[in-house]
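Colleague: Hi! Could you walk me through the aromatic rings in this one?
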Amino acid sequence: MRYYILFHPEKCCACGACAVACMDQNDVDVQHGEKGYRAVYEYEDAGGAMGECTYLSISCRHCADAPCVAGCPTGCLSKEPSTGMTVAERSRCIGCHSCAMACPFGIPRFSAGDGKVLKCDGCFVRLACGLQPACVRACAFGALTCVDEAEFRRLEENHAISAMLRAVNQTG
Amino acid sequence: MLTLEQKIRAKIPGADTGIEIKKTVCDICAPDHHCGIDAYVKDGKVLKVEGTREHPYSHGSLCTKGLCSREYIYRSDRLRTPLRRVGPRGAGRLEPITWEEAYRAVAEGLNRVKKTYGPHSVAFFAGHGKWFRPMMQRFAYDFGSVNFGSDCSVCNVSLIFARIISAGCNYSPDIAHANTFLGWAFGGYYSSYHDVQEVAALKERGGKVILIDTRVTPAAKNLADLFLQIKPGTDGALAHGFAKLIIENGWMDRDFVEQHTFGFEEYKAYVQQFDRKTVSKITGVPEELIYEAAKLYATNGPACINEVCFNLAHNYNGQQNYRAITGLNALTGNFDRAGGALPAVGTYNMRSAGFPTREGAFSGANRPEHPRIGEGRFPLWDMLWGEYQAVTLPEQILGGGDYPIKALFAAGLNVRMLPDTNKTLRALEALDFFVDTDLFLTDAAQYADIVLPVCSSFERGELKVYPGGYAMMTEPVIPPLYQSKTDVEIFSELLPYLGLKDELLEQGYDACIDWILEGTGLSVESLRAAGGAVKAPVAREYIPGSYVAGGMKTPSGKWEFHAQMLDRFTQSHHLEPLATYVDCFADDRDPALAEDYPYILTTGTRVPNTIHSRLHQVPWARSLRPSPLLEISRSDAQELGIAQGEPIEVETPQGRVCAPAKISGKIQKGNVLLVHGYGACDASSLLSSDHLDPYSGFPCYRSSRCMLRKAEE
């Protein structure tokens, strides 16, 4: 089963509940410089209208055709077969940063200790056990959701149909 | 196939991993939430938290603060033993002692003051924590002191006053059945996700949302159909502007007003002066938006108002502004109507669950007859609230009252709760004896003679009630850490040391709860056996309209636009029975102040990562916002030559602080926002202890005059 973690910016407020849930799930020690795998941002366009801003929650996109996986020379990064999440087998990492160069979102980071890759694993073990990823489970506003392949296709279709309808209505 | 090691690392609950889910509640924020927590526990240690899906109120959600619970309860500086002060007050030099030594010292210190000055010279004070309040109040009265006070002195009770003197009861917005939601200072995203969920559902079913705030909030961005950005402390003028439009355009509920209100003609005549142009000038809201909002609110009912429990109260004109706003409920017939404002019965611990308990009889059982400190200064407070108004406490300790306060028994005192932190600290320094309970050695605790370590909600069992008639008893999910105890254990165990007798309180928390629950069909045993939330047998679904039909609990039996409860204080204290509007700086002593301090400072506001001072030292929470937030407008930044992140100084006649500037389009020119609760950048140190709402006594956290300048490097 392939899963998708979706972000809906119109529901987000950058409260950081997702980021903290990730820290709790992964025992992130921020006091010693560690960071969680998800971060939130409040982006205000200084040239925009009064108060115009965007709230973002950012983590690994778990791309289907993941450039980081393609760029990894050692097979450390791979697509986890049961969930489709992009995961790291850290014992294989040589700290070459190829994945970070390949990732368009700047997601992979490297441990200050062993120099090896650190990234979100999509909580694939939780998913395989029927639980939601920690960040999704924590979002009270529905800004983060996790759907399976069938639901994802349905949403994609609805999205495409709505866009088409809007275009038809506008031109018609 | 997953390996056991993978499952253990991912904290998957189950027999194989040995991880068990245990149920508790979060009590980091206010008692009107207290969301359900699933604690993942292994070997007596919490590994992770999540919201409880089957919880009758929170339905599986937790906010940012609740999700920090694990780091909060396991903070490395949790107090481990009782402590005795060995250095000067405030120096933080304390030594560990045994509970026996601590209890003896507390009894000796309190009884010495009692003997010399009388029992009322010992004041009792409860900080942000609520769960132990009924027992602490009873304990204070058992001791013989009338002086029990709490953070209610600056929190939700001003709003309750406005409702009681208008309608004779407290009430709450019925968002679930409303067509229009008027959110007045609605900060839901960072303080009450439940309300956001309800408002989002309202929008999905085609409802409309009007939001009024001084800043552009996430709610304004994500939920508002109409957003009115208003100048701080001018809310009453806007409400009266709405009222005038509603009356003039025939949008009012004539039947409700004729049958169920008192003083309408006087009110109608008063609001005439609030024409759109005048209101726009006072509030800064464009005229057409005032019209659109009034029309939508009054004609797309049922409509409910989120009157938000505290922030509008924090202005000099706070109480009157609340009354101006809440009057709209009656004018439009939305009071006691489905989808409007529904009367609420207090159940337990400041929460309405739809059934009464014997809480008031329990906590007030042995109340002595004696004037509280500060009595006579805020007569509305004296009339409606049994506690002392805590804003008068520092003054009283420093010798400014009718009788001396020489000792203080505090549970979780925050020195930054009251305006003018230095004055509060001077008062703590002047005490003969001070005992404080807390989880941490706070700045207040460093002034205490004895500090007693207490535990978190994870380490105790307690009664919780929730809307819909629900009640539950939690169980500890881990044993109390180190030598900590519950606050209530401390009150019970101290009684014999103090030479006091209270058979019920001595038996402990469960016995007290059984007494309080008598007549509800519930007991500690039945709740424990149920293992989760159950409906109280006596709980009945409220039928909208029944309160009004039976006559309101006001002198006239009607909604009072002219509040007769205030008539008696008009001569003596200039309290106006109509919700008259005055400027939020009407108490300026010197007209030059407005020129010397041309900006308006708002402290407070909810941020996601903390409430008050509570999570600033929790690393996960702090990592979300490491430095204090001081927000100014783009145009003010430009005028002052300040770039994003540059240090900026805020000065008031009271003091000065410095913080990195956050330049934003969300705040209007002339306004400054400083989040409170930070130790090194103390917003409360900037506030005057004399700039108070004369009705409630509430400090003006939301509107103080200030000056801004670029800080010297």
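Modeller: Happy to; we can go through ring pairs, then charges over rings. This is a predicted model, where local features need pLDDT of at least 70, side-chain atom pairs count only at pLDDT 80 or more, and totals for chains, interfaces and linings use all residues. Residues are numbered from 1 along each chain as written, chains are lettered from A in the order written, and side-chain values use heavy atoms, without hydrogens and water.

Colleague: How many aromatic pairs are there over all chains?
Modeller: The search of the whole structure finds 31. Rings of Phe, Tyr and Trp (its six-membered ring) pair if their centres lie within 6.5 Å; planes under 30 degrees apart are stacked, over 60 edge-to-face, the rest tilted.

Colleague: What kind of pair do B:F132 and B:F491 make?
Modeller: Edge-to-face, because their planes are at 65°, with centres 6.2 Å apart. B:F132 is in the loop between β6 and α5 of chain B and B:F491 is in helix α20, 359 residues apart. Helices (H or I, at least four residues) and strands (E, at least two) are DSSP runs, numbered from the N terminus.

Colleague: Are those two buried or exposed?
Modeller: Both B:F132 and B:F491 are buried (under 20% relative accessible area, with exposed over 50% and partly exposed in between; 1.4 Å probe, protein chains only).

Colleague: New topic: which ring does B:R351 lie over?
Modeller: B:R351 lies over the face of B:Y57, 4.4 Å from the ring centre. The rule is NZ of Lys or CZ of Arg within 6 Å of the ring centre and within 35 degrees of the ring normal. B:K48 lies over B:Y40, at 5.7 Å.
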